[in-house]
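Subject: Structure handover, with notes

Dear colleague,

I am passing the structure on to you below, and my notes on it follow. Please read them with the model open beside you.

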Amino acid sequence: MKANFCTLVVMALASAASAQTEVTIYNQGFGFIKEVRTLNLKAGRQSIAIEDVAQLIETNSVGIRSLTTPTGLEVLEQNYQFDLINPLAILNKSVGKTIRLNRVLPNGSKESIEGTLISSPTAMIGDGSGGSSMTWNGMVLRTPDGRILLNPSGEVEVMAVPEGLISKPTLLWDLIAETAGANKIELSYLTKGMNWNADYVLTMDGKGKADLKGWVTLVNNCGATFADANLKLLAGDVNRVQNFQRNAPARGGAMEMKADGGFQEESLFEYHLYTLQRPTTIRNNEQKQVTLLDAFGFEVKKKLIIDSMMHFGVYYPGEGEVGTGVIKPQVRLEFVNSKANKLGMPLPMGNVKVYQRDASGSLQMLGEDRIQHTPKDEKLSLVVGQSFDVVAGRKRLSYRRLTDRSFEEVFEVELRNRKEVSETVHVMERHYGDWSVKQSTDKFEKLDSTTQQYVITLKPNEVKKVVYTVVTKW
């Protein structure tokens, strides 16, 4: 009976090559695998082994469907075997059995020692040169003459590979087939160890225009390689129950996905799906980059922001000085993701690196920020860094308590432009409670219940002071 079972398994393995593979990777650290495989089955109940599945497979997600006979295949039981062959696994299963140590003595002679393995090693460590070596922590060997060797050195030789170890992660099915012969099945499952993200390069021309290059970077650490797979990437926040488990378009045109084998975007439910228009091989323990999109000549605006709360952290009005001192303006780049601005495509979350060419034509990095999933027609605002030549100073000129539940303050914000060109600065002032501005040297806009904004244009080398009086009640 045992021999017949093994024969059936070997036959299934020989004919279980994947004819078609589709891989959907989610940017939340998992992937969905769908494969079409052909199995040579006999009629009746049998055991079938399916190799080359992901080592980090979520076994409770496995789906099996016969494409040849949809109602003629019934899976009674499924087992996932992942006790893979490796030196530690072999030694752990060799405890109580005879092994041999082969080693070279200091005088150059060779020695072989046979004995019974009482305790096996417990860890693998690096050898410091990029390879690996075994630490004999906990290895104990008893020789025929009664000696006990602790952590002996040497090359270990086992008499046979212990039973129960496999070379690849394997799904083992106990199933019933109505008819014998070739049967195409669709195998699907979720696996951990796969992820992707978008990376963008934004290059400015220094005159208010920019180009955008989008890349997809995907990582496969799931324990399996998928050859010539149809690759799909899903962008969005998919809710999952948390269980503890094992582990070249023309310039000036609108944004376009890369043609000729690039990604094609589509809406899917409340998410966006990006499908690569050509097969690709996704190897285990590999990082792969694929061009996602290109956009040229869209408008981008620089914005200098002076915000005392952003600079000093959240504060609340009180009797001590708040939000005062030297403030370095934050530099932002803002643009609208619209077709009118030669963009207009859902942008997956990712890092954006900003570059600009210097006077010699060399490309220089200006800063880096991260965007969230951004639909079309939304504005993006990238934090690039802090201004060097525009400086601000903020101080409270006076404080006067009016009643037990109100007080009056006078603030001064001094703006200094040390450049040879004009600059526009957005000054954000924050207030809490029931506040009102009684006097101000400049016009301002009340953006919301806590924010007033001054938009001040500074001439070259100009110093300007904004002074206002605010009354706060509660």
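Helices (H or I, at least four residues) and strands (E, at least two) are taken here as DSSP runs and numbered from the N terminus. On that basis the protein chain holds three helices and 35 strands. Please keep in mind that this is a predicted model, in which local features need pLDDT of at least 70 and side-chain atom pairs count only at pLDDT 80 or more, while totals for chains, interfaces and linings use all residues. Residues are numbered from 1 along each chain as its sequence is written, and side-chain values use heavy atoms, with hydrogens and water left out.

The chain as a whole: of its 474 residues, 44% count as buried, where buried means under 20% relative accessible area, exposed over 50%, and partly exposed in between (1.4 Å probe, protein chains only). The protein chain exposes about 24,900 Å², of which carbon and sulfur atoms supply 50%; these areas come from the Shrake-Rupley method with a 1.4 Å probe, and for residues only the protein chains shown count as cover.

The interior: a nonpolar core is a set of buried Ala, Val, Leu, Ile, Met, Phe, Trp, Tyr and Cys residues joined through side-chain atoms within 4.5 Å. The largest such core has 77 residues, and the members that touch the most others are Leu-171, Tyr-189, Leu-202, Phe-226 and Phe-263. Strand β15 gives the largest share of this core, six residues. A second, separate core of eight residues includes Leu-101, Ile-113, Leu-117 and Leu-141.

The sheets: two strands are said to pair if DSSP finds at least two bridges between them. An open sheet is formed by three strands in the order β3-β13-β5, with antiparallel pairing. Because β3 (44-50) and β5 (73-81) stand at the edges with a single partner strand each, one side of each is left without a neighbour in the sheet. Within this sheet, β5 and β13 (residues 170-177) pair over eight bridges, and Gln-78 has Trp-173 in β13 as its bridge partner.

Elsewhere, β15 (residues 194-204) pairs with β16 (residues 209-220) in the antiparallel sense over eleven bridges, with Asn-195 standing opposite Val-219 in β16. The hairpin of these two strands has four residues between them, and there Gly-206 takes a positive phi near 80°. β16 also pairs with β22, again antiparallel and over eleven bridges, and the partner of Leu-218 in β22 is Lys-288.

Individual residues: Glu-286 is found in β22 (residues 286-299), and a polar atom of the Glu-286 side chain lies 3.1 Å from the backbone nitrogen of Arg-283. His-426, in strand β31 (residues 423-430), counts as buried because its relative accessible area is 15%. Leaving aside neighbours within four places in sequence, His-426 is in contact (heavy atoms within 4.5 Å) with residues including Lys-303, Ile-305 and Tyr-454. Asn-107, by contrast, sits in the loop between β6 (98-104) and β7 (110-119) and is exposed, with a relative accessible area of 64%. Its side chain is joined to that of Ser-109 by a polar contact of 2.6 Å, a polar contact being a pair of N or O atoms within 3.5 Å; within protein, one must be able to donate a hydrogen and the other to accept it, and residues adjacent in sequence count only if both atoms are side-chain atoms.

With best wishes
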